[in-house]
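Here's a quick briefing to keep beside the model. Have a look at the structure first, then read on.

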Amino acid sequence: ERAQVRLEVYNVLGQKVRTLLHQKMDPGFHVAMWDGKNEQGLQVSTGVYYYRISAGDFNAYKKMALLK
C-alpha cells in the first residue's frame, strides 16, 4: 500500500547529513541516488556513512561507503 517513505544519510557520529526522500510512494522497486553532498550542497568527505529508510511500519539501517 502507499506509504510515507523517508530516506536519510548519517555520518559515523550519528549526525544527519542529508534527507534524500520524504514523500508518499507507491509500492514497488525504486532507486535513490546520493551525490555525496550534505543539506547545504557541500561535498562530504570519503568514508563510511549510514542510511535509514522508513516506510510505514518498516525501518532499516544500513552501512555504505562513499568513495571519490
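Counting a salt bridge as a side-chain nitrogen of Lys or Arg within 4 Å of a carboxyl oxygen of Asp or Glu, you get five of them here. Bear in mind that this is a predicted model, where local features need pLDDT of at least 70, side-chain atom pairs count only at pLDDT 80 or more, and totals for chains, interfaces and linings use all residues. Residues are numbered from 1 along each chain as its sequence is written, and side-chain values use heavy atoms, with hydrogens and water left out.

**Salt bridges**
- Arg 2 pairs with Asp 26, with the closest N and O atoms 2.9 Å apart.
- Arg 2 sits in the segment before β1 and Asp 26 in the loop between β2 and β3, so this pair ties together parts 24 residues apart in sequence.
- Glu 8 meets Arg 6 at 2.6 Å, N to O, and also Arg 52 at 3.5 Å, N to O.
- Arg 6, Glu 8, Lys 16 and Arg 52 end up in one network through shared partners.

**Burial**
- Glu 8 is buried at 4% relative accessibility (buried is under 20% relative accessible area, exposed over 50%, partly exposed in between, with a 1.4 Å probe and protein chains only).
- Arg 52 is partly exposed, at 24%.

**The sheet**
- Four strands make an open, antiparallel sheet in the order β2-β1-β3-β4 (strands are DSSP E runs of at least two residues, numbered from the N terminus, and two pair if DSSP finds at least two bridges between them).
- β2 (16–25) and β4 (58–66) are the edge strands.
- Nine bridges join β3 to β4, and Ser 54 stands opposite Asn 59 there.
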